[in-house]
Amino acid sequence: MKRFMSMLNRNKSKDSPPAKLLDLAAQLCQDLQSCSPSLEKLVGAMMGCRHRMYFLTNIHVVRAFVSVHLRQGQHDTACRLLENCKAEEKEELVQLWHEIHYRKVMEKLQVDCLTPLQKFRCRKRNPPPLSLCPEGLQTRSYSDEVRRQLRSFAAEVTANPDKKQREELAKEMNLQPTQVYNWFANYRRRHKS
């Protein structure tokens, strides 16, 4: 930590920090993950540095920044940080985005964990920004043609196909058998009510 701080002070006036400093920051963030006071001190030093955006290109540093902000109850600051960071690991950034919002809801409801349904609703209400998901969120809904074929099969043949029928449908529509199974289970549930 002392080595990092002295390197950080030596490179304050430079336009960009050396790669060695960035690597050391990432390593320290990994090592200090469980040591809250030291991690907060490290993050504070990086946040106060003019090279902050360079540090935010590493996923370990981003995770440390988010962790510290969450401990301090600064959910909005953590979200803004994620929106502006340049780390390449977009999937992990999206997971962090969701984790921030889960924590926010848990604090609001004063609970220790959320149910899968609560998490689903939380994700729906707080979709990640385009900076994290440039291609948009991947949805699991099927194309109109697939849905039309499945509805037709349910109406004309059966709404409760056996294993062999599900496997054939899956093969025809380029789906997994479990996807077909779940679609029919949901179909029956919707039509029962």
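Helix α9 (residues 144-156) packs against helix α11 (residues 177-192) at an angle of about 60 degrees, and their axes are 11 Å apart. Helices here are DSSP runs of H or I with at least four residues, numbered from the N terminus. Axes are lines fitted to C-alpha atoms, over the stretch in contact for helices, and angles run from 0 to 180 degrees between N-to-C directions. The pair α9 and α11 is therefore oblique, the class left for angles that are not under 35 degrees (roughly parallel), over 145 (roughly antiparallel) or 65 to 115 (roughly perpendicular). The crossing of α9 past α11 is right-handed; a crossing has this hand if the near helix is turned clockwise from the far one by less than a right angle, and is left-handed if anticlockwise.

The model is predicted, with local features requiring pLDDT of at least 70 and side-chain atom pairs pLDDT 80 or more, whereas totals for chains, interfaces and linings use all residues. Residues are numbered from 1 along each chain as its sequence is written, and side-chain values use heavy atoms, without hydrogens and water.

One cavity of 30 Å³ or more is present in the structure, where a cavity is a set of points on a 1 Å grid over the protein atoms alone at which a 1.4 Å probe fits but cannot get out. The volume of the largest cavity is about 50 Å³, taken as the space filled by probe spheres set on the points, which are joined across faces, edges and corners. Its lining (residues with an atom within 4 Å of a point) consists of Cys29, Gln30, Gln33, Leu39, His60, Arg63, Ala64 and Ser67.

Terms used
On a 1 Å grid over the protein atoms alone, a cavity is a set of points where a 1.4 Å probe fits but cannot get out, and a pocket is an open set with protein on both sides within 12 Å along at least five of seven lines; lining residues have an atom within 4 Å of a point. Helices (H or I, at least four residues) and strands (E, at least two) are DSSP runs, numbered from the N terminus.
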